[in-house]
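Trainee: I would like to go through this structure step by step. Can we start with how its chains meet?

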Amino acid sequence: MMNKYIYKGLVPTRKGFGEGLVELGERNSNIVVLGGDITGSVLTSYFKERFPDRFFSIGIAEANATTIAAGLALSGKIPFFASYSAFSAFRNADQLRISIAYNNVNVKIGGGHSGITVGPDGATHQSLEEIAFLRTLPNMTLIVPADYNETKKATIAAGEMIGPAFIRFGRSAVPSFTDENSSFEIGKANVLREGNDVAIVACGLMVWPALEAAEELSESYKINARVINLHTIKPIDSFTLTNAAKECGAIVTAEEHQIHGGLGSAVAEVIVKNTPVPMEFLGVNDRFGESGEPDELLNYFNLNPKGIIEKVLAVMKRK
Amino acid sequence: MSLVIKFTPDTFTNSPKTNHELSHIARTLRTDVVKSLYLAKSGHSGGSLDLSEIMTVLYFNGFLKYNSKNWKDKSRDRFVLSAGHLAPILYSTLARAGFFEVEELGTLRKLGTRLQGHPGLDTNLPGIETSAGSLGQGISIAIGMAMSHKYLDKTSQKVICITGDGELEEGTVWEAAMASSNFKLSNLCWIVDNNDCQIDGRVSEVMNIYPLREKFEAFGFDVIEIDGHNFDDIKMALSKYEANLKNTDKPTCIIAKTYMGKGVSFMENKYEWHGNPPNKDQTIQALNELEL
Ligand SMILES: Cc1ncc(C[n+]2csc(CCOP(=O)(O)OP(=O)(O)O)c2C)c(N)n1
């Protein structure tokens with residue numbers, strides 16, 4: 001059905017993060033990892049097992065871990081610290097801002113269990129605001145990969161670039177559809193499907209539903225949608241987005257995140273400046289999450305192909 | 001074997017009881033925790049179970065003053081569960097104290113429930129004093145409440161807060177400790193659930209927090225170390241706190257030695273049970289062991 005991208009089953013993105021860290025560790029002995037007690041959840045446990053001498057358990061102390069990472073980086077190491085995104089983006093917010101971003105140090109932060117799909121734990125653990133926060137930090141690179149393979153590549157790429165980076169990924173198993181050979185370059189959006197009627201720009205686990213929505217739009221509505229995987233929110237790929245606006249004339253964004261300040265806002269900042277076209281935003285609309293099973297919650301919040309199609313039909317009317 | 005989950009309808013009074021009566025209540029709470037976590041298919045068994053005796057004495061022995069039918073009564077004592085992931089034992093306690101229907105325990109963690117995975121103030125569930133789930137925040141909330149009562153309202157109600165021991169790794173917890181004695185919060189009782197377990201392993205190995213007594217003493221607390229499963233110990237420690245509240249300027253810290261998963265043999269003292277629910281067979285075995 002989707003010519004370039006084939007559904008290859010459900011795999012959690014955090015697995016890509018854990019494996020990416022091990023591969024980085026093999027390549028570079030300066031890679032060190034800091035644990036925040038949930039190493040088995042965000043899968044820094046793989047690195048801990050493989051390189052016990054380069055793993056340090058900091059305990060439940062996200063602010064301390066983040067700042068220790070800055071110290072390690074100022075001593076020539078490449079530290080990764082990961083926790084649930086709710087805690088590795090917010091419990092340490094000041095430390096991210098000053099010790100990491102302002103110092104412009106080579107620290108990488110993993111934000112796992114992000115979004116509503118962390119599920120039954122409920123609102124406290126469902127981080128829906130970190131894109132908004134992190135993309136305002138000067139020097140910060142922010143990546144929200146779409147599936148397992150891409151998370152692995154993003155992790156490796158983050159470890160091999162110089163400067164602060166944050167990788168946001170999830171807990172639940174999500175459709176895997178990219179492979180070893182799919183291109184991934186930080187800052188370069190991937191156009192996954194060509195089309196000139198509307199562009200759907202998505203990140204993270206909303207990319208696959210965007211592809212599904214595009215197929216349905218073409219079959220049932222004769223609308224030919226371009227699908228853009230904007231895996232890097234910062235630095236943003238203005239070129240690909242501006243072209244999409246010019247060639248498609250309408251844009252829908254989709255993210256597992258607050259609408260306010262998220263991927264959609266980042267895209268809008270580019271579009272409004274260069275080529276204003278009608279836009280619609282799919283995301284969580286100014287509320288906290290709540291307990292439920294991941295799929296149940298995605299449907300509850302309309303974060304599915306149906307939700308994307310509704311937004312596309314709405315934006316087409318405004319073209 | 002088929003397994004049909006039903007919650008017994010019993011509620012319990014809040015008045016002094018014999019240890020025998022208290023242990024019946026503690027077993028009921030444990031049974032609720034096992035059942036609600038089995039139905040939820042996720043959640044934190046270990047720590048929830050190990051707080052059963054402490055929650056029993058707090059809510060069912062006349063210690064905390066509350067009115068479950070008019071729970072926002074301004075003169076109530078305040079209880080803050082800083083370790084928000086231990087919500088199941090709080091929900092069971094509140095239900096058995098008549099704050100809401102026991103049946104509702106079966107909705108834990110399900111879409112639309114008031115029994116969120118971590119307590120949410122937005123649900124308006126009776127008896128919940130604050131949202132919690134990001135570790136280390138509840139104790140500062142409790143301090144704010146204690147300051148409000150002591151210095152602004154000039155009332156003498158109690159403020160009790162339970163934190164985990166892994167939770168003590170959060171830095172703001174020690175900012176809170178400093179503030180407790182700085183503000184002479186003798187109305188504050190901080191209970192540490194010292195099961196020495198957290199997600200990745202033993203607390204002493206993940207990040208060594210010990211020695212605890214000396215730390216809290218250095219921060220100006222009257223420290224009482226107890227067996228957190230022994231009713232007499234718990235009652236004694238809480239009476240000492242009541243005396244501190246009346247006669248001193250010292251905040252109280254009760255370090256309760258507990259065993260994660262207490263009461264369910266295969267969970268006992270195993271950190272692997274920090275964050276898992278029992279499956280069907282495990283639930284059957286646990287309920288057999290807890291048989292009332
Ligand atoms: C700020 C923050 N960081 C991380 C977590 C994830 N987390 C939930 S419970 C827990 C372990 C808590 O250990 P402890 O306080 O000893 O509780 P117990 O294991 O006894 O239930 C962690 C790390 C969290 N809820 N909040």
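**Chains, sheets and exceptions**

Trainee: How many residue pairs are in polar contact between chain A and chain B?

Mentor: A polar contact is a pair of N or O atoms within 3.5 Å; within protein, one must be able to donate a hydrogen and the other to accept it, and residues adjacent in sequence count only if both atoms are side-chain atoms. Both residues must also be at pLDDT 80 or more. Between chain A and chain B, the count is 15 residue pairs.

Trainee: What kind of model is this?

Mentor: Residues are numbered from 1 along each chain as its sequence is written, chains are lettered from A and ligands numbered from 1 in the order in which they are written, and side-chain values use heavy atoms, leaving out hydrogens and water. Local features need pLDDT of at least 70, side-chain atom pairs count only at pLDDT 80 or more, totals for chains, interfaces and linings use all residues, and the model is predicted.

Trainee: Which residue of chain A forms a salt bridge with Arg109(B)?

Mentor: A salt bridge is a side-chain nitrogen of Lys or Arg within 4 Å of a carboxyl oxygen of Asp or Glu. The rule finds three across the interface of chain A and chain B. For Arg109(B), the closest N and O atoms are 2.8 Å apart, and the partner is Asp121(A).

Trainee: Which element gives the largest share of the side of chain A that touches chain B?

Mentor: Helices (H or I, at least four residues) and strands (E, at least two) are DSSP runs, numbered from the N terminus. Two elements give two or more residues to that side: α2 (39–42) and α12 (294–300) of chain A. The largest share is three residues, from α12(A).

Trainee: How much area do chain A and chain B bury between them?

Mentor: Buried area is the accessible area (1.4 Å probe) that two parts lose on being put together, summed over both. Carbon and sulfur atoms hold 46% of it, and the total is about 2000 Å².

Trainee: Which residues of chain A lose the most area to chain B?

Mentor: Three residues together make up 32% of what that side buries. They are Asp37(A), Ile60(A) and Arg91(A).

Trainee: What is phi of Asp37(A)?

Mentor: Asp37(A) lies in the loop between β2 and α2 of chain A. Most residues other than glycine have a negative phi, and most peptide bonds are trans. Asp37(A) has a positive value, near 75°.

Trainee: Why do β3 and β12 of chain A each have one side without a neighbour in the sheet?

Mentor: Two strands pair if DSSP finds at least two bridges between them. Seven strands form an open, mixed sheet in the order β3-β2-β4-β5-β7-β6-β12 (chain A). β3 (55–57) and β12 (232–234) of chain A stand at the edges, so each has a single partner strand.

Trainee: Which residue does a cis peptide bond join to Lys234(A)?

Mentor: Omega of that bond is about 0°.
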